[in-house]
Amino acid sequence: MKKLLLVKEIYLEGFRNLGHIIIEKYFKVFAWFSFAMFFIVLYAFVYRMATGFAFD
């Protein structure tokens, strides 16, 4: 448990001096990009299943 708290403190210390707006905007963009990529993969998978693609 002490190691986990130490890693958490190191993580928080590393991002403490960065601007809050920069981190907030970056994570928002990254989250939307990740959701978009997930839905593209989900669409491709469902399309392949619907057209009878053989997953060999």
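Colleague: How many helices and strands does the protein have?
Modeller: This is a predicted model in which local features need pLDDT of at least 70, side-chain atom pairs count only at pLDDT 80 or more, and totals for chains, interfaces and linings use all residues. Residues are numbered from 1 along each chain as its sequence is written, and side-chain values use heavy atoms, with hydrogens and water left out. Helices (H or I, at least four residues) and strands (E, at least two) are DSSP runs, numbered from the N terminus. The protein has two helices and zero strands.

Colleague: What is the radius of gyration of the protein?
Modeller: The radius is taken over C-alpha atoms, and the globule rule is 2.2 Å times the number of residues to the power 0.38. The C-alpha atoms fill a box of roughly 50 × 30 × 10 Å along the principal axes. A compact globule of 56 residues would come near 10 Å, but the protein has 19 Å.

Colleague: What share of the 56 residues is buried?
Modeller: Buried means under 20% relative accessible area, exposed over 50%, and partly exposed in between (1.4 Å probe, protein chains only). The protein exposes about 5700 Å², with carbon and sulfur atoms supplying 75% of it. Of the 56 residues, the buried share is 2%.

Colleague: Is V46 buried or partly exposed?
Modeller: V46 sits in helix 2, which covers residues 20–50. Its relative accessible area is 48%, so V46 is partly exposed.

Colleague: How much accessible area does the nonpolar patch with V46 have together?
Modeller: Patch residues have over 30% relative accessible area and no salt bridge; like charges are joined within 9 Å, and nonpolar side chains (Val, Leu, Ile, Met, Phe, Trp, Tyr) within 5 Å. A salt bridge is a side-chain nitrogen of Lys or Arg within 4 Å of a carboxyl oxygen of Asp or Glu. Areas come from the Shrake-Rupley method with a 1.4 Å probe, and for residues only the protein chains shown count as cover. W32, F35, F38, F39, L42, F45, V46, M49, F53 and F55 form this surface patch, and together they have about 1100 Å².

Colleague: How far apart in space are F53 and K25?
Modeller: F53 lies in the segment after helix 2 and is partly exposed, at 42% relative accessible area. F53 and K25 are 28 residues apart in sequence, and their C-alpha to C-alpha distance is 39 Å.
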